[in-house]
Amino acid sequence: MSIETQKSLEEVQNFEGKYPKQIWSLFFSEMWERFCFYGMRGMLVFFMITQLNFGEKEANLQYGATQAFVYAFTFIGGLFADKILGFRKSLFWGGLLMIVGSVLLAIDTHEFFFFGLAFIIIGTGFFKPNISTMVGELYRDGDPRRDAGFSLFYAGINLGAFLGGYICVAIGKGYMLSSVIDEAHRWNVAFGLAAIGMLISLINFHFTKRQLGPIGLQPGHPDAIVKTKALPKVAEYAVYIGTLLLVPLIQVMVSKTEYTDYFMYIIGPLTLIYLFYEMSKVEKEERHKLIAALIFILFSIVFWGIYEQSGGSLSIFAAKNLNDSVLGGAFHLDPNGVNNSGGAFFIILLAPLFGLMWIWLSKRKLEPNTIIKFGLGFVFLGLGFYVLYATRFFAIEGITSLDIFTIALLVITVGELCLSPIGLSIMTKLSPARLQGIMMGMWFLASAYGQYVAGLIGANMAEAREGDSLMDKLITYTEGYKQLGLYSLIAGAILIVLSPYIKKLMHGVN
């Protein structure tokens, strides 16, 4: 047996303590991949407005389109991982594509902007869903420690998001290292750091594979968890070649936001049709669980449509309507950096505590079920957006408090911790083994629709007050955040009302 499969699945899953040791290595790989992704994400809107001379409406639409394609490709990445590549090869291939895209942006950020983004979009689709699925397979079915594991893993995601989200945009804007990086090359260095982060992630994963046993092996491998007939090698090569041929097409589709509309109108219905086809081949109980998973997916679209203002309209709000004073002037920070990384910072602090809290409540049979956790996620998201609305009462000539804005990020983060890591976990709980990659991909596809909706919302806010004063813009944006807060509270209430029906569909899965 090869060195990569020395451990059996039973040995991997038979761990003592709160966390399997392999989760720390996957944590580290995911952290650096998220450094790359969130570093790029945090720079997009500000870079487009200040360096590419996009209008606010256009930048919001472009942000929504780019992020929508990123998450839409996670479905495709999950599908190819399930059927052809396996999770390990899919992850590694995605990482290589992300490095290429980041290097292109570092070489000439203006000339290769959309070309580099195309590589990053496709690469993220191959990387992101598959490492999350491997985390799920570290646990036996019914293991109550799974939610705690995903909360810890989510902290790794956000450690990378915190570092990349602040450092990259702060270097680009000149808040960091301005004395050693000349102004003409700041954005090149910022995008180049993302490539370095991704390279570290892949090197770490290479040494992690030997500890994973059969987890993530290619379909057809004799030691793979799900036994299938081995595919010819040409199928794997076809995926690699086809991916590269897609890059110019994605470049065009991302640069022309009207193509995003057509893509989103088509990809959603097609994936639902494919899911219904797969559901027709499973047992009744598994079908019910997949329906429950689909309900969670649909609600998550609403959540991310509201939450993802962070990369769009909130990026503009931070740049134009926030001061740079934290804790009453004790610190001065880049407001865009705080917007990009503040939520991630709070997750780093709170995620381990949430994980331990779920374990503590579970032992006392007090842990709320997944549906209630989802509902609480919407409630705190809504309250956070009401705090964003309240920033208008602290404004002086259109410039308002970064402190109050940061409190809003804290409240929103509590909502995210109730929903997002639990969402990753529930997809692995409710999905049959042979469909886990696809369902994880659908979870991220829901994020694609959320990103798409977020871009449309942000564009409407920007369009409504183009050319107005800073105070007028602040009033418009905060009024929009108040409405989003209300919608979030309504969604949470509906989900809690539906909880008895959804619970029956889950057949005992908590």
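**Helix packing and aromatic contacts in a predicted model**

Helix α9, residues 284-307, packs with helix α12, residues 370-390, at an angle of about 15 degrees, and their axes are 11 Å apart. Angles under 35 degrees count as roughly parallel, and α9 and α12 are therefore roughly parallel to each other. The crossing in which α9 passes α12 is left-handed.

With a relative accessibility of 31%, E286 counts as partly exposed.

Helix α5, residues 146-173, and helix α11, residues 335-363, pack with their axes 7 Å apart and at an angle of about 165 degrees. That makes the two helices, α5 and α11, roughly antiparallel, since angles over 145 degrees fall in that class. Their crossing, too, is left-handed. What is the make-up of the contact of α5 with α11 in nonpolar, polar and charged residues? The residues of this contact divide into 16 nonpolar, eight polar and one charged.

Helix α10, residues 313-321, is mostly covered, with seven of its nine residues buried. The buried residues are S313, L314, S315, I316, F317, A318 and N321.

I come now to the aromatic side chains. How many aromatic pairs does a search of the whole structure find? The search finds 32. One of them is formed by F15 and Y139, an edge-to-face pair with 5.5 Å centre to centre and 80 degrees between the planes. This pair links distant parts of the chain: F15 lies in the loop between α1 (9-13) and α2 (22-50), whereas Y139 lies in the loop between α4 (113-136) and α5, and the partners are 124 residues apart.

Two of the rings I have named carry a charged side chain over the face. K173 lies over the face of F46, at 4.6 Å from the ring centre. R145 lies over the face of F15, and its distance from the ring centre is 4.0 Å.

Finally, a word on the backbone. Most residues other than glycine have a negative phi. N53 is found in the loop between α2 and α3 (56-107), and the residue is exposed, with a relative accessible area of 65%. E397 likewise has a positive phi, near 55 degrees, and is a residue other than glycine. The place of E397 is the loop between α12 and α13 (402-430). At 72% relative accessibility, E397 counts as exposed, the limit being over 50%.

Methods:
Residues are numbered from 1 along each chain as its sequence is written. This is a predicted model: local features need pLDDT of at least 70, side-chain atom pairs count only at pLDDT 80 or more; totals for chains, interfaces and linings use all residues. Side-chain values use heavy atoms; hydrogens and water are left out. Axes are lines fitted to C-alpha atoms, for helices over the stretch in contact, and angles run from 0 to 180 degrees between N-to-C directions. Helices (H or I, at least four residues) and strands (E, at least two) are DSSP runs, numbered from the N terminus. Angles under 35 degrees count as roughly parallel, over 145 as roughly antiparallel, 65 to 115 as roughly perpendicular and the rest as oblique. A crossing is left-handed if the near helix is turned anticlockwise from the far one by less than a right angle, and right-handed if clockwise. Ala, Val, Leu, Ile, Met, Phe, Trp, Tyr, Cys and Pro count as nonpolar, Asp, Glu, Lys and Arg as charged, and the others, Gly among them, as polar. Buried means under 20% relative accessible area, exposed over 50%, partly exposed in between (1.4 Å probe, protein chains only). Rings of Phe, Tyr and Trp (its six-membered ring) pair if their centres lie within 6.5 Å; planes under 30 degrees apart count as stacked, over 60 as edge-to-face and the rest as tilted. A charge sits over a ring if NZ of Lys or CZ of Arg is within 6 Å of the ring centre and within 35 degrees of the ring normal.
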